Amino acid sequence: MLSEVLYNPELLNNFEPEDIIDIFKNTAEVLAKEPAFVKPDLKEGEAVFVGDTHGDFSTTKYIVKRFLHNSDKQNLIFLGDYVDREPEPEGSVWNLVYLCLLKINFPDRVFLLKGNHEANYAVQCFPYEFNEELGNLFGKTGVKMHDAAVSVFQEMPLMIQTKNGVVAAHGGFPLKDQKIDDKSSTDLIIDILWADPECSPMFRGYGIPKFTEKQLIEFLNSINASCFIRGHDYNVAGKRIYSNKCITVFTCRRYAFRAGITVAKVDLSKKIKDATDVELENLTFSLDTLR
């Protein structure tokens with residue numbers, strides 16, 4: 001049944017609440033083996049970086065079918081924010097469950113980074129509606145399901161770096177030279193999951209930092225990287241900024257009119273000098289197929 005769902009995700013509707021809880025528990029165990037800063041041994045093929053999906057289950061299905069099932073040399077790196085603000089009913093639940101199944105079955109080809117909506121347990125974000133959605137769908141069992149989902153969120157890594165010079169995270173990077181060694185550090189969560197570039201008009205509240213080009217370049221140099229791929233901010237989505245050292249992708253239909261539905265593709269066999277070596281693909285034209 002589980003293998004069938006990978007290729008026919010509509011079968012997820014046949015799962016009982018206890019099945020979903022088991023999937024969350026198994027995913028947490030897989031993610032627990034990954035450090036806060038993941039550095040996979042990917043040397044060939046392609047890495048596809050997916051921005052915020054925010055419960056856009058249809059877009060996730062399309063991306064998986066288009067990229068992951070198309071070749072065993074393609075890898076998917078999701079940059080966080082899998083729940084809330086969904087453009088379709090029940091999207092957050094099935095989006096997360098499907099991603100968890102992918103992680104269980106392709107642990108070395110699918111990577112699920114933490115977004116600020118997955119870190120609500122540590123730093124509150126608004127709106128956070130995932131717990132209410134589970135309660136509305138599954139009643140009292142929804143509380144137990146949410147607890148199991150949070151165990152998944154807690155184990156999601158904060159950042160990933162490829163061997164050819166790309167580093168990626170949901171929003172930013174450590175701004176005070178902190179070591180990336182704690183998946184639930186409030187300090188790291190604020191810098192890595194909440195920060196935006198200084199050039200963005202986004203205001204998230206007092207105390208939420210913005211990073212400069214100088215800070216980004218210093219961070220990249222410190223870890224021997226040359227390009228930063230992020231999500232989090234539709235205002236700069238699809239744009240190469242900071243001397244082509246930073247690129248933002250957003251991958252949710254709800255924001256397509258502002259940010260498009262974009263993914264970033266990286267040839268893992270090629271040394272990346274900056275974001276001009278990263279191919280942006282806008283999937284918005286495929287909206288009619290995202291069902």
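Mentor: Let us begin with a definition: a helix axis is a line fitted to C-alpha atoms over the stretch in contact, and angles run from 0 to 180 degrees between N-to-C directions. Please note that this is a predicted model. The axes of helix 2 (residues 17–31) and helix 6 (residues 141–155) come within 8 Å and cross at roughly 15°.

Trainee: Why is helix 2 called roughly parallel to helix 6?

Mentor: Angles under 35 degrees count as roughly parallel. The crossing angle is roughly 15°, so helix 2 is roughly parallel to helix 6. Residues making the contact include Phe-24 of helix 2 and Ala-148 of helix 6.

Trainee: What makes Lys-61 and Glu-10 a salt bridge?

Mentor: The nitrogen and the carboxyl oxygen must lie within 4 Å. In this pair the closest N and O atoms are 2.4 Å apart, so the pair counts as a salt bridge. Lys-61 lies in helix 3 and Glu-10 in the loop between helix 1 and helix 2, so the bridge ties together parts that are 51 residues apart in sequence.

Trainee: Why does Lys-61 count as buried?

Mentor: Buried means under 20% relative accessible area. Lys-61 has 12% relative accessibility and therefore counts as buried. Glu-10, at 42%, counts as partly exposed.

Trainee: How do you know that Asp-81 has no salt bridge?

Mentor: The nearest side chain of opposite charge, Arg-85, is 5.8 Å away. A salt bridge requires a distance within 4 Å, so buried Asp-81 has none.

Definitions and conventions. Residues numbered from 1 in each chain as written. Predicted model: local features only at pLDDT ≥ 70, side-chain atom pairs only at ≥ 80, totals over all residues. Heavy atoms only, no water. Buried < 20%, exposed > 50% of the residue type's maximum accessible area, 1.4 Å probe, protein only. Lys, Arg positive; Asp, Glu negative; His and termini not counted. Helix = DSSP H or I, 4+ residues; strand = E, 2+ residues; numbered from the N terminus. Parallel < 35°, antiparallel > 145°, perpendicular 65-115°, else oblique. Contact = heavy atoms within 4.5 Å.
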